[in-house]
Amino acid sequence: ASLIERLSCVISTQDIIYRTVVFFALLLFQGVIHQMRIDTVNPDISNKEQIANNKQSTSNKMWTFALLGLFLIRIFPFLSGNYLYDEAISLSVYVIQKDNIFQIFRDYSMANNHFLSNAIYWLWLAVIGKKGLIMECLTRLPSLLCGIGSILIVLYHWRKFIGEKKAWLAALLIALSPVYSGFAWQVRGYSLIFFLGIALVAASLHRLRQMTVWNGLTVFLLSLLLPLAMPSSVMLPAAVGAGMCVAYWIATRKVSSALRLVFPVFIGVFLGGGYYLTLGSQFWASAKAAGGWDSFWKTIGNISLAIVFHCGIFSIGIPILLWQALQRILKAIRVRNIVPECDVLELYPSLLALSVIAVILGLLLCSIPTSHYPFPRVFLLMLAPLTFTVMSTDTVLGKMSLWKQIALTVLLAVLVNAGCDLYVKYADSDYSRPCQNLLVQRWRGRGIFYDVASIILAEYKETGEAVTLIDGNWVPS
């Protein structure tokens with residue numbers, strides 16, 4: 001019975017309602033405390049200005065807490081659910097069984113070893129101990145923090161370039177995304193690479209505004225860490241670097257300056273991706289043994305559907321961005337000697353969108369000869385730059401008020417999330433076809449571990465104790 005209680009971790013509706021009420025109660029209390037501080041007057045400014053600034057600060061903090069609350073409420077049933085099969089492999093083979101953290105980076109026997117993520121979880125397990133594995137929500141805390149960090153970067157760094165209102169909308173898309181919510185909590189590298197992708201977009205914007213040693217070092221480190229988190233993540237720095245280079249060249253017509261701008265990005269990609277070559281034959285063997293899909297159209301269809309579901313009503317801006325990018329490139333080629341009067345930051349979103357789509361299509365087209373295509377989840381991190389690009393373009397939605405855009409975003413997100421959750425229940429009933437796409441890649445609340453434990457309990461209910469030996473190739477625990 002104790003085993004069942006530990007494995008099931010099914011969160012009741014009452015428990016979720018209770019946590020929601022407590023959250024909003026604390027949020028209200030925080031707002032009241034800030035309102036009480038409004039009377040504090042800064043001697044450098046007038047009382048009215050002080051009150052206005054405090055009200056704005058209070059409002060921003062309350063909305064930030066509310067947005068993070070929506071994100072936590074959305075993923076909490078998954079956060080506290082059973083470990084997935086892939087999570088069990090990562091934890092048992094690449095975290096628990098390693099004597100030191102350096103062994104993680106030299107073992108690529110399976111593609112499940114997301115180096116940087118498993119290293120973080122090795123350190124985290126050293127803090128909470130192996131007994132902490134009983135509480136799934138505690139074990140998954142590093143992935144949760146990456147999700148929270150992604151939202152905060154959008155709110156407080158992207159807003160400097162796309163404006164405060166669009167930053168709130170972008171953060172709302174991420175918090176309620178039916179795609180990202182399926183990965184943000186997993187004990188794997190997906191939440192980490194999304195966080196690094198969000199940070200890389202922010203760093204690239206700062207570098208385009210002004211080249212400095214600091215932002216050059218930042219984009220280098222992010223471009224280095226992304227491949228170390230997952231080898232397929234070289235896609236994002238490559239796309240970001242290409243978008244930056246072309247945008248800067250169109251704006252200035254200086255090839256050398258454009259190459260110097262993106263030099264740290266490609267050096268980071270070269271070093272991070274090149275590390276896997278030092279692993280020798282085990283890297284190539286794991287790459288060949290990795291699973292995937294066998295249909296080009298199914299793969300690209302699922303990726304396209306995931307982009308639409310993630311970006312919601314703002315996805316209608318993607319074709320506009322791609323058309324603008326193609327026009328600007330063709331015009332720049334025709335008139336090479338004339339420097340246009342345009343801002344590189346205005347050119348960047350459309351060219352970034354084009355480079356992201358080009359990288360995705362390029363990778364899929366290169367897979368045609370083998371008819372072995374990557375799992376769509378590999379392309380999750382490409383939603384980070386696409387979120388930025390759709391918020392940077394003015395469409396018919398720009399004429400709507402902020403509240404109407406928020407209402408449409410929330411309504412569509414609720415409908416799409418409900419549809420995905422219904423499909424999860426259908427997919428859960430067939431273990432021979434695990435969820436491997438971008439929209440549904442999770443088991444909610446209970447899964448095969450719970451059922452195995454239920455069978456054991458029914459078989460040995462008279463003794464009250466049971467020991468089971470499970471093949472390591474199936475459930476390595």
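Helix H4 (residues 85–96) is largely enclosed by the rest of the structure, because 10 of its 12 residues are buried; buried means under 20% relative accessible area, with a 1.4 Å probe and protein chains only. Among the buried residues of H4 are Asp-86, Glu-87, Ile-89, Leu-91 and Tyr-94. Helix H9 (residues 190–209) is mostly covered as well, with 17 of its 20 residues buried.

The model is predicted, and local features need pLDDT of at least 70, side-chain atom pairs pLDDT 80 or more, while totals for chains, interfaces and linings use all residues. Residues are numbered from 1 along each chain as its sequence is written, and side-chain values use heavy atoms, without hydrogens and water.

Helices here are DSSP runs (H or I, at least four residues), numbered from the N terminus. The expected span is 1.5 Å times one less than the number of residues.

| Helix | Residues | End-to-end C-alpha distance | Expected span |
|---|---|---|---|
| H9 | 20 residues | 29 Å | 28 Å |

H9 packs with helix H10 (residues 213–229) at an angle of about 155 degrees, with the axes 9 Å apart. That makes H9 roughly antiparallel to H10 (an angle over 145 degrees). Axes are lines fitted to C-alpha atoms over the stretch in contact, and angles run from 0 to 180 degrees between N-to-C directions. Contact means heavy atoms within 4.5 Å. Leu-192, Leu-196 and Ala-203 of H9 are among the residues making the contact, as are Val-219, Leu-222 and Leu-226 of H10.

Key:
Helix = DSSP H or I, 4+ residues; strand = E, 2+ residues; numbered from the N terminus. Parallel < 35°, antiparallel > 145°, perpendicular 65-115°, else oblique. Buried < 20%, exposed > 50% of the residue type's maximum accessible area, 1.4 Å probe, protein only.
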